[in-house]
Amino acid sequence: MRRPSRWWTSRPRCTGGWRRCGRRAPCCPSRSGRAGPRPGYQEDAPDVKDMSKYKPHILLSQENTQIRDLQQENRELWVSLEEHQDALELIMSKYRKQMLQLMVAKKAVDTEPVLKAHQSHSAEIESQIDRICEMGEVMRKAVQVDDNQFCKIQEKLAQLELENKELRELLSISSESLQVEKENSVDPASQPIK
């Protein structure tokens, strides 16, 4: 709370300080040592004189009229305040709506490049997955072909081993028979002639 100012603290200082300066200004003490009149006191004096001319009931009626005027002005100010608050609320609601739309648009704009990048990345991943699946299918077919060829080779090898074995047996049989024949043919010559 602000303290009321006193007339002796609000007046300007003279060049000679608070001592008598020799000038006869209302702000300085006079040569006799008395202070000059208070500033504003002379302004209030005519109003007091004017008010003392009227009778108390006239003063009360004037005050009542002033109070009614003030009350009417107060009502008008309240109505104006409510209108301003309504207008401000309308402005703020439109502002909030526009900001929400701006934020939604900004999110759509911000997410659109990310979404496009994600879609292109996912399309790339899908194409790579498709290539991997195709390669897997080719490898599966190659394994089946290799298995079939391996089985055929194993069968052929088994067949050749069997034929080889049979041929060796035949060879051994024929070599034995040749040897027996040689022995038989060599034997008659080695026998003495009688």
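Visitor: Which element of this predicted model has the lowest mean pLDDT, and which the highest?

Guide: Among the elements of the protein, the lowest mean pLDDT, 45, belongs to helix H1 (residues 7-10), whereas H3 has the highest, 87. Over residues 4-12 the pLDDT is below 50, and this stretch has 8 contacts in the model beyond near neighbours in sequence. Residues 16-21 also have a pLDDT below 50, with 10 contacts beyond near neighbours in sequence. Where pLDDT is low, the predicted coordinates should not be read in detail. For the protein as a whole, the average pLDDT is 76, and 65% of the residues score at least 70.

Visitor: What makes up the secondary structure of the protein?

Guide: The protein has 3 helices and 0 strands, so a helix here must be a DSSP run of at least four residues. Read from the N terminus, the order of elements is α-α-α.

Visitor: Why is the contact between Arg 140 and Glu 137 called a salt bridge?

Guide: The closest N and O atoms of Arg 140 and Glu 137 are 2.6 Å apart, and because the cut-off is 4 Å between a side-chain nitrogen of Lys or Arg and a carboxyl oxygen of Asp or Glu, the pair qualifies as a salt bridge. Arg 140 and Glu 137 are separated by about one helical turn, because they are 3 residues apart in helix H3.

Visitor: How do you know that Arg 96 and Glu 89 meet in a salt bridge?

Guide: The side chains of Arg 96 and Glu 89 have an N to O distance of 3.6 Å, which lies within the limit of 4 Å, and therefore the term applies. The structure holds 2 salt bridges.

Visitor: Why does Arg 140 count as partly exposed?

Guide: The relative accessible area of Arg 140 is 48%, and since buried means under 20% and exposed means over 50%, a value in between is called partly exposed. Glu 137, at 37%, is likewise partly exposed. Arg 96 counts as partly exposed at 46% relative accessibility, and Glu 89 is partly exposed at 46%.

Visitor: What makes the nonpolar surface patch, and what is its area?

Guide: Leu 88, Met 92, Tyr 95, Met 99 and Leu 102 make this patch of about 460 Å². Leu 88 is found in helix H3, which covers residues 56-190.

Visitor: What share of the 194 residues in the protein is buried?

Guide: Buried residues make up 3% of the 194 residues, where the term requires under 20% relative accessible area. The protein exposes about 18,500 Å², of which carbon and sulfur atoms supply 58%.

Conventions
Residues numbered from 1 in each chain as written. Predicted model: local features only at pLDDT ≥ 70, side-chain atom pairs only at ≥ 80, totals over all residues. Heavy atoms only, no water. Patch = residues over 30% accessible without salt bridge, like charges linked within 9 Å, V, L, I, M, F, W, Y side chains within 5 Å. Areas by Shrake-Rupley, 256 points an atom, 1.4 Å probe, with all protein chains shown as cover. Helix = DSSP H or I, 4+ residues; strand = E, 2+ residues; numbered from the N terminus. Buried < 20%, exposed > 50% of the residue type's maximum accessible area, 1.4 Å probe, protein only. pLDDT = per-residue confidence, 0-100. Contact = heavy atoms within 4.5 Å.
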